[in-house]
Amino acid sequence: MEQNNMNLTLKVWRQKNAQTPGKFVTYKADGISPDMSFLEMLDVVNESLIHKNEEPIHFDHDCREGICGMCSLYINGHPHGPKRAITTCQLHMRTFHDGETITIEPWRAAAFPVIKDLAVDRSAFDRIQQAGGYISVNTGGVPDANEIAIPKVIADEAFNSATCIGCGACVAACKNASAMLFVSAKVSQLGMLPQGQPERYSRAQSMVAQMDAEGFGNCTNTRACEAECPKEITLTNIARMNNDYFSAKLFREEHIHENNG
Amino acid sequence: MSEFKQTFNSSLGKKLIMALTGLFLCTFLIVHLGGNLLLFRNDNGYSFNVYANFLTHFPPIEVIAYLLYLCIIVHSIYALVLTIKNRRSRPVGYAVVNKSPATWQSKNMGLLGAILLFFIVVHMRDFWFRYKFTNEVTYKEYRTDLATNQTTVADYVPVSADFEPTVSTENNVEIVRVKDLHANVVTSFSCLWYVIIYVLAMGAIAFHLKHGFQSAFRTLGWVHRKYTPVVEFIGTWLFAVIIPCLFALMPIVYYITSLKN
């Protein structure tokens, strides 16, 4: 197996913190097994950096099985690397060829400031979620399962939207650094279901308001987000969010009477 | 009022304005093309000149025309505002350009729009401003014998500078005296570089609308399995192929005709 190992050149973005400008540093990654994941390859590089008493490359990771939304990395012009519908931790080194130069950048967006190297602060997503990405549930007895009938098509569609792991690849891929795919998935997953109806229109308004406050760009429907999303969230969600937002803003104000304070 | 202001200042509100003004401009294109197809009638410009006269002297059309100019200005200003916001949303760019399968036109709407704005300025200066606000356009007199339906054409020199177009009937001969915009068309389109500008602008409008028409519907939130293919079909074939081709054919045909004379 030894002869199948790969020698790679990495161009990695190194940045001390949000205040300091960053730069690319080139590293050699030799003897990399094609069966390693991309993050394991970085672990190997970091081991050697630590042995040389150098600062290891900082990058986000957690579950390493494609479900937590923690890993990021903009690899050779693609968020989560060149393969479709996977996260960086699911990307294997056999995707690359021996001797290849791999450029690794952080998500780049004003709303995602760099914490260090390749790790960015995605708490803007948390604040958007807190602004309206919830439903109100009464305490008390546990309701019967399947008490509320939901058509399968709606259940499937809501579930598809709910698969969003909030990794931020949509923002990274978008030429405008727009977060509308993420926000629309969160608006849709609740807004499509009966349990999400009470807050449906206030949710769309407050989540969009928070999204704007965080400084994300505006969607121009290029569909780059949809193509790069590891969970294949579709652009239809954005149309659905727009629909809820415009309905809320233009036709469904809470106070409909003129003198209702 | 402030609630409306807040709505239209939000990211989605600005996109809504882009979509609505854009779609209004699209409907105008159909009307504009319908009228201009009269250029292909071989009648010494009679029907085209009468049509141009009608457009500038029928009050409802004049009102819609000013609404149209407003839409062009608003669409351009909002495009600029949104582009600046989008640029600011990614202060540090990527070293490797995104390789998502987003179409070229979807990523270059601003460039295409700037070409079109330049074209509209040139076009309105030569055909709208000169026609309405100067005396540079000469007059033609069309005499139609109502018995035989034969039309003769001659140059007409108005008695005073503020002469208004007239239609009168004498001895069973209808006399129409109108500004000869058709002569402007003939002279303008006998110039090769002018023809090239027009044809290139029609190329720009084709790509702009290939993305823009369906994108406007997405922004409005009108996406559905049943009618989105219809919208995409109309956007592609009517707005990106048929309309630009027919418009581009006008300068080309007039240029070729000018070569023969």
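## Domains of chain B

In this predicted model, the C-alpha centres of domain 1 and domain 2 of chain B lie 32 Å apart. Domain 1 of chain B comprises 2–89 + 109–137 + 180–256, and domain 2 of chain B spans 138–179; such bounds come from an automatic or database domain assignment. The model is predicted, so that local features need pLDDT of at least 70 and side-chain atom pairs count only at pLDDT 80 or more, while totals for chains, interfaces and linings use all residues. Residues are numbered from 1 along each chain as its sequence is written, and chains are lettered from A and ligands numbered from 1 in the order in which they are written.

Between these two domains, 12 residues of domain 1 of chain B are in contact with 11 residues of domain 2 of chain B (contact: C-beta atoms, placed from the backbone, within 7 Å). On the side of domain 1 of chain B that touches domain 2 of chain B, α3 (46–57) and α7 (181–188) of chain B each supply at least two residues; α3(B) gives the most, with four residues. Helices (H or I, at least four residues) and strands (E, at least two) are DSSP runs, numbered from the N terminus. By class, this side of domain 1 of chain B has six nonpolar, four polar and two charged residues. Ala, Val, Leu, Ile, Met, Phe, Trp, Tyr, Cys and Pro count as nonpolar, Asp, Glu, Lys and Arg as charged, and the others, Gly among them, as polar.

## Domains of chain A

Chain A is divided into domain 1 (2–114) and domain 2 (123–251), with 29 Å between their C-alpha centres. Here 18 residues of domain 1 of chain A are in contact with 16 residues of domain 2 of chain A. The side of domain 1 of chain A that touches domain 2 of chain A contains 11 nonpolar, six polar and one charged.

## A sheet in chain A

Five strands of chain A form an open sheet of mixed pairing, in the order β2-β1-β5-β3-β4 (strands pair if DSSP finds at least two bridges between them). Because β2 (23–32) and β4 (78–79) of chain A stand at the edges with a single partner strand each, one side of each is left without a neighbour in the sheet. Two bridges join the antiparallel strands β3 (residues 74–75) and β5 (residues 101–105) of chain A; A:Ile75 has A:Ile104 as its bridge partner in β5(A).

## Contact between the chains

Across the chains, 41 residues of chain A are in contact with 35 residues of chain B. On the side of chain A that touches chain B, α8(A) gives the most, with nine residues.
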